[in-house]
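Good morning, everyone, and thank you for making time for this. Please take a moment to look at the sequence and the model before I start talking through them.

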Amino acid sequence: QVQLVESGGGLVQAGGSLRLSCLASGRTFSAYDVSWFRQAPGKEREFVAAASWRSLTAYADSVKGRFTISRDNAKNTVYLQMSGLKPEDTALYYCAASGRGNPLGVPWSTQESYADWGQGTQVTVSS
């Protein structure tokens, strides 16, 4: 189990950029699969991006080409670089992690795949 703390959210104009960070506790972070999800007001939480322990990545169609997930295992940190932001990207962004074992190293995109969650960081994009 790891504890996750997100940061980097804020208010940005449409077309702007933000980089979210997620700092994880624990010594075996490199073995964890990590991801970002988001939840807009009145909507269900949805998948944004994932990076497996092998650093294979997956993205939601809505953010492909605009968002990039990366990880720095030496710093126990996952990043979400967001560019070309749109008002519909406004949401509370959550970092999630799973250490349950993933021999193939395929990035998971379902919430049920992740046991550990952060508290979230708010991203607001103004038009």
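Predicted model: local features only at pLDDT ≥ 70, side-chain atom pairs only at ≥ 80, totals over all residues.

Residues are numbered from 1 along each chain as its sequence is written, and side-chain values use heavy atoms, with hydrogens and water left out.

Let me begin with strand β8, which covers residues 77-82; strands here are DSSP runs of E with at least two residues, numbered from the N terminus. By buried I mean under 20% relative accessible area, with exposed being over 50% and partly exposed in between, using a 1.4 Å probe and protein chains only.

Which strands pair with β8? Two strands count as paired if DSSP finds at least two bridges between them. Strand β3, residues 18-24, is joined to β8 by six bridges, and the two run antiparallel; within this pairing, S21 has Y79 as its bridge partner. Strand β7, residues 67-72, is also joined to β8 by six bridges and is antiparallel to it, and here F67 is partnered with M82. β7 and β8 form a hairpin with four residues between them, and in that turn N76 has a positive phi of about 55°.

A search of the whole structure finds one, between C22 and C95, whose sulfur atoms are 2.1 Å apart. C22 lies in β3 and C95 in strand β9, residues 91-98, so the pair ties together parts that are 73 residues apart in sequence. The torsion about their S-S bond is about -85°, so this disulfide is left-handed. Both ends are buried, C22 with a relative accessible area of 1% and C95 at 0%.

Now to the aromatic rings, where rings of Phe, Tyr and Trp (for Trp, its six-membered ring) pair if their centres lie within 6.5 Å, and where planes under 30 degrees apart count as stacked, over 60 as edge-to-face and the rest as tilted. The structure holds five such pairs. In one of them, F37 and F47 have ring centres 5.7 Å apart and planes at 70°, so the pair is edge-to-face. F37 sits in strand β4, residues 33-39, and F47 in strand β5, residues 46-51, ten residues apart. F37 is buried at 1%, and F47 is buried too, at 15%. F37 also pairs with W117, with centres 5.1 Å apart and planes at 55°, so this pair is tilted. W117 is partly exposed, at 23%.

How far does this network of rings reach, and which residues does it link? Ring pairs link F37, F47, Y94, W108, Y114 and W117 into a cluster.

Technical notes
Disulfide = S-S within 2.5 Å.
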